[in-house]
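Dear colleague,

Please find below the structure that I am handing over to you.

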Amino acid sequence: MAGVRRSLCIKGYLMVASANHHYVPKAILKNFAFSGGSVFYLERKLRSSVQRRNINSIFKKRHLNTYISRCGKRDDRLENFLSNEFDAKIGSVIDDVRRYISGSDHSIEPISKAFVVQFIYTHSKRTPEFYETLRCSPISGH
């Protein structure tokens, strides 16, 4: 295990960490978008008016899933894992659900059902609000 951690500090290993981490996957947002990839959007915290925004610019936070490795470099392996294991697969699952709802498919594959449960659970822990609850934990005394 220690060898793995040391390998993270090899010069050039961690090139550039991704910065814009979407906590609502673009594969989901595309289902609500107009042609051109925009949606109507309201910034809750700012209480702003409804605006038309590109899906690339919403439901994201810089370095949300980045942490600093032992050697002081940004590490985005968590974001890469979430992106590859969940975000990249949700589009096909949405297609399965659409076919089921439209009646062109009479069942949803059990693997898709299980994935939806995993996806919902994981993404409930992936929002900035969830991270805020961790920072205000009673254990820390804050």
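The notes below go from the whole chain to single residues.

This is a predicted model, in which local features need pLDDT of at least 70 and side-chain atom pairs count only at pLDDT 80 or more, whereas totals for chains, interfaces and linings use all residues. Residues are numbered from 1 along each chain as its sequence is written, and side-chain values use heavy atoms, with hydrogens and water left out.

**The chain as a whole**

The chain holds five helices and six strands; helices (H or I, at least four residues) and strands (E, at least two) are DSSP runs, numbered from the N terminus. Read from the N terminus, their order is α-β-α-β-β-β-β-β-α-α-α. Of the 142 residues, 30% count as buried. Here buried means under 20% relative accessible area, exposed means over 50%, and partly exposed lies in between (1.4 Å probe, protein chains only).

The chain exposes about 10,200 Å², of which carbon and sulfur atoms supply 58%. These areas come from the Shrake-Rupley method with a 1.4 Å probe, and for residues only the protein chains shown count as cover. Among contacts (heavy atoms within 4.5 Å) between residues at least 6 apart in sequence, 61% join residues at least 24 apart.

**The largest pocket**

The largest pocket has a volume of about 480 Å³. Of the 19 residues that line this pocket, Tyr23, Tyr41, Glu43, Phe59 and Glu129 are the closest to its centre. Strand S2 (38-41), S4 and helix H5 (128-135) are the elements that give two or more residues to the lining. By type, the lining divides into 10 nonpolar residues, one polar and eight charged.

As for the terms, the search uses a 1 Å grid over the protein atoms alone; a pocket is an open set of points where a 1.4 Å probe fits, with protein on both sides within 12 Å along at least five of seven lines, and lining residues have an atom within 4 Å of a point. Grid points are joined across faces, edges and corners, and the volume is the space filled by probe spheres set on the points. Ala, Val, Leu, Ile, Met, Phe, Trp, Tyr, Cys and Pro count as nonpolar, Asp, Glu, Lys and Arg as charged, and the others, Gly among them, as polar.

**Two residues with positive phi**

Most residues other than glycine have a negative phi. Phe59, although not a glycine, has a positive phi of about 50°. Phe59 sits in the loop between strand S3 (51-54) and strand S4 (60-62), and is partly exposed at 27% relative accessibility. His63 is likewise not a glycine and has a positive phi of about 55°. His63 belongs to the loop between S4 and strand S5 (67-68); with a relative accessible area of 16%, His63 is buried.

**Aromatic pairs**

The whole structure contains six aromatic pairs. Rings of Phe, Tyr and Trp (its six-membered ring) pair if their centres lie within 6.5 Å; planes under 30 degrees apart count as stacked, over 60 as edge-to-face and the rest as tilted. Phe34 and Phe40 form an edge-to-face pair, 5.2 Å centre to centre with 80° between the planes. Phe34 is partly exposed at 35% relative accessibility, whereas Phe40 is exposed at 55%.

The ring centres of Phe115 and Phe119 are 6.1 Å apart and their planes are at 35°, so this pair is tilted. Both residues lie in helix H4 (residues 110-124), four residues apart, which is about one turn of the helix. Phe115 is buried at 9% relative accessibility, and Phe119 is buried at 7%. Together with Phe81 and Phe86, these two residues form one aromatic cluster.

Ala27 is in helix H2 (residues 26-29) and is partly exposed at 23% relative accessibility. Leaving aside residues up to four places away in sequence, Ala27 touches Asp87, Ile90, Gly91 and Ile94. Ala27 and Asp87 are 60 residues apart in sequence, yet 6.8 Å apart in space, C-alpha to C-alpha.

Glu79 is part of helix H3 (residues 77-102) and is buried, with a relative accessible area of 7%. Apart from residues up to four places away in sequence, Glu79 touches Ser18, His21, His22, Asn65 and Arg126. Ala88 also lies in helix H3, but is exposed, with a relative accessible area of 60%. Ala88 and Pro25 are 63 residues apart in sequence and 8.5 Å apart in space, C-alpha to C-alpha.

With kind regards
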